[in-house]
Amino acid sequence: MNITIVGTGYVGLVSGACFAEMGIDVTCVDIDAAKIARLQRGEIPIYEPGLEDLVARNSRAGRLHFTTSLAEGLRDAQALFIAVGTPADKDGSADLRYLLDVAHEIGRNLEQYTVVVIKSTVPVGTAQKVKATILEEVALRGVDVAFDVVSNPEFLKEGVAIKDFMTPDRVVVGVESDRARQLMEQLYMPFMLNHYRIIFTDIPSAEMIKYAANSMLATRISFMNDIANLCELVGADVNMVRRGIGTDSRIGSKFLYPGCGYGGSCFPKDIKALINTADSYGYSMELLKAVERVNERQKSVLFRKLSNYYNGSLAGKRIAVWGLAFKPETDDVREAPSLVVIEKMLEAGCEVCVYDPAAMDEARRLLGDRVTYCKDMYEAVEGADAMMLLTEWKQFRLPSWEQMAEIMRHRLIIDGRNIYHADTLEGAGFTYLHI
């Protein structure tokens, strides 16, 4: 089978490499000529464990190709996946211009029956817009060519995206025809040999499932952060509370970890888009609006702890930051709590020294030279008045507290992910603040 994937960002590149690994001939298309040239040289533009080897292996085998020409990609494709960005617009709605640009180009170049698969995260009704756009372009050409539009939302988690794609919890496919359903089933069957997990739905339901899933997960995070803040006021231990409710089979333990807020490319954008969709139908998503407010407030909670500890006198304080990415195993800093905390510390006159195993370059694009970028975690804490942990990378889990006690100016640890234990740190002479 031959397929084409438009967009070589996170979703498109991972999807293309994984399909190729199953023996499918994949052509990845992108308008960014420099990015395509890098991919043709074997250079990966994003950080994702295992992706570089996967791309290299399938490129060498002749199953994975890269081009800037969508017409070339369409030539022999039985399915074309659209995996371009749908960033949040100023009003919170999903910006569909890139997706509809692709739809126009498909209509200008379509020659034989093709299943057009929307992999991008889009609001309900987008598939109909894509279908109408392609039909418009086909009519302008005066040709009669059949096609189907399918919704196939992605559920990849950064850091484990390859595993998620190769052994998915579920594959959601919204279809309108048996012909499209059969092709999509054939395409995903290699991933289903041990357990059939394809869920076929109508198209609007498939479009809604992705937003509903991310909104539920974000709601659990904000709920636990609210509970954590109340626990601190009343003297309860949120970790005990988390274990107590997580063992309830009706609730479960996932996404019940309190912290300094969620970020990334999905949760903030998708929640805004779902709220905007509801508003456009005259309905207010009050719960999700509260989830957003709680999360934005939570991103500042560590700064408040730091400020309270020093009685508001932060000018000249040297603060080490461990972790810049919104989560471990990624270089993604979009909407990361680190950016909010660092901005507040800079405004307060702090000297900020940062270290992240993967996200230094991405952070530099946003923070410039206003912070000091360190070569490792220990250089960051030299002479520091506090260390603030914002991303729970594995290498941060068991540092040498003896070494840190010697090189820090003030032994203050502020843990935004609750990965340390108070007894350990207090026994080593540190003051330990956490969520």
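Let's start with two strands: E12 (residues 386-389) and E13 (residues 412-415) pair in the parallel sense, over three bridges. Strands here are DSSP runs of E, at least two residues, and helices are runs of H or I, at least four, numbered from the N terminus. Pairing needs at least two DSSP bridges between the strands. Leu389 has Asp415 in E13 as its bridge partner.

A word on the source. This is a predicted model, where local features need pLDDT of at least 70 and side-chain atom pairs count only at pLDDT 80 or more, while totals for chains, interfaces and linings use all residues. Numbering runs from 1 along each chain as its sequence is written, and side-chain values use heavy atoms, without hydrogens and water.

Now the whole sheet. It is open, has six strands, and runs E11-E10-E9-E12-E13-E14 with parallel pairing. E11 (372-373) and E14 (431-434) are the edges; each has a single partner strand, so one side of each has no neighbour in the sheet.

Helix H13 (residues 301-309) lies across E9 (318-322), E12, E13 and E14. Its angle to E13 is about 155 degrees. Axes are lines fitted to C-alpha atoms, for helices over the stretch in contact, and angles run from 0 to 180 degrees between N-to-C directions. Contact means heavy atoms within 4.5 Å.

Next, helix pairs. The axes of H5 and H6 (residues 126-141) come within 7 Å and cross at roughly 35 degrees. The H5 residues that meet H6 include Leu99, Leu100 and Ala103. By class, that contact has seven nonpolar, five polar and five charged residues. Ala, Val, Leu, Ile, Met, Phe, Trp, Tyr, Cys and Pro count as nonpolar, Asp, Glu, Lys and Arg as charged, and the others, Gly among them, as polar.

H11 and H12 (residues 286-298) pack at about 145 degrees, axes 10 Å apart. Here the contact divides into six nonpolar, no polar and four charged residues.

Last, the second largest pocket. A pocket is an open set of points on a 1 Å grid over the protein atoms alone, where a 1.4 Å probe fits, with protein on both sides within 12 Å along at least five of seven lines; lining residues have an atom within 4 Å of a point. This one is lined by 47 residues, with Gly9, Tyr10, Val84, Gly85 and Arg334 nearest its centre. The lining splits into 20 nonpolar, eleven polar and 16 charged. Which helix gives the most to that lining? H5, with four residues.
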